[in-house]
Amino acid sequence: MAIDSTLIELLRNLIDDTVEPYEFSDDRLLSLSYTAASYVNMEISGDYEVSFCDMSITPTPPSSVVTLIALKAACLLIRSQHTSYSRSDFRVTDGPASVDIKGAANNLKGAADSVCSQYEKLKFNHLMNNNASVGGYAITTPSSESQ
């Protein structure tokens, strides 16, 4: 499906996994994308049917929703990596030599926060632009400026 290749390509770029050999297989990214699609569908009150058996989303979502799905998948993946790195934080010093991987977990936390924040902003914009029930009213009155 065209949406599958689009999702994989977007996700690879978001997680910076664009050089072969890839760190994540296409199947892993596609599975994660469909998990993210389920979350996105609930969060935006979408009318999409996400099928894990057929690996399909019907009807085909517009590009704005596909971007939301890719961002959510990136958020989930980087958060998962951060959790994994956090569990194995350590520092070893032996005389003048030292090994410290604590910084890797901190860097991933910053990346996860950034991607997840982008997702939340885009989701908010999507909801405001596409859902009349989320909108509101503004009451304005004439104003005059006296000198």
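What follows is a set of questions and answers on the terms.

Author: This is a predicted model, in which local features need pLDDT of at least 70, side-chain atom pairs count only at pLDDT 80 or more, and totals for chains, interfaces and linings use all residues. Residues are numbered from 1 along each chain as its sequence is written, and side-chain values use heavy atoms, with hydrogens and water left out.

Reader: What makes up the secondary structure of the protein?

Author: The protein has four helices and four strands. Helices (H or I, at least four residues) and strands (E, at least two) are DSSP runs, numbered from the N terminus. Along the sequence their pattern is α-α-β-β-α-β-β-α.

Reader: Why is L32 called buried?

Author: Buried means under 20% relative accessible area, exposed over 50%, and partly exposed in between, with a 1.4 Å probe and protein chains only. L32 has a relative accessible area of 9%, so L32 is buried. This residue lies in helix α2. Across the protein, buried residues make up 33% of the 147 residues.

Reader: Which residues is L32 in contact with, leaving aside its neighbours within four places in sequence?

Author: They are L11, A73, L76 and L77. Contact means heavy atoms within 4.5 Å. With neighbours within four places again left aside, L11 is in contact with L29, L32, S33, A70, A73 and A74.

Reader: What makes a set of residues a nonpolar core?

Author: A nonpolar core is a set of buried Ala, Val, Leu, Ile, Met, Phe, Trp, Tyr and Cys residues joined through side-chain atoms within 4.5 Å. The largest one here has 32 residues, and L11, I15, L29, V40, I44, I57 and I69 touch the most other members. The elements giving two or more residues to this core are α1 (2–14), α2 (26–43), α3 (63–87) and α4 (102–130). Of these, α3 gives the most, with ten residues.

Reader: How many cavities of 30 Å³ or more does the structure hold?

Author: The structure holds one. A cavity is a set of points, on a 1 Å grid over the protein atoms alone, where a 1.4 Å probe fits but cannot get out; lining residues have an atom within 4 Å of a point. Grid points are joined across faces, edges and corners, and a volume is the space filled by probe spheres set on the points. The largest cavity has a volume of about 40 Å³.

Reader: Which residues line the largest cavity?

Author: The lining consists of A37, V40, N41, I44, Y48, V50, I57, P61, V65 and I69.

Technical notes: 1 Å grid on protein atoms, 1.4 Å probe; cavity = no way out; pocket = protein on both sides within 12 Å on 5 of 7 lines; lining within 4 Å.
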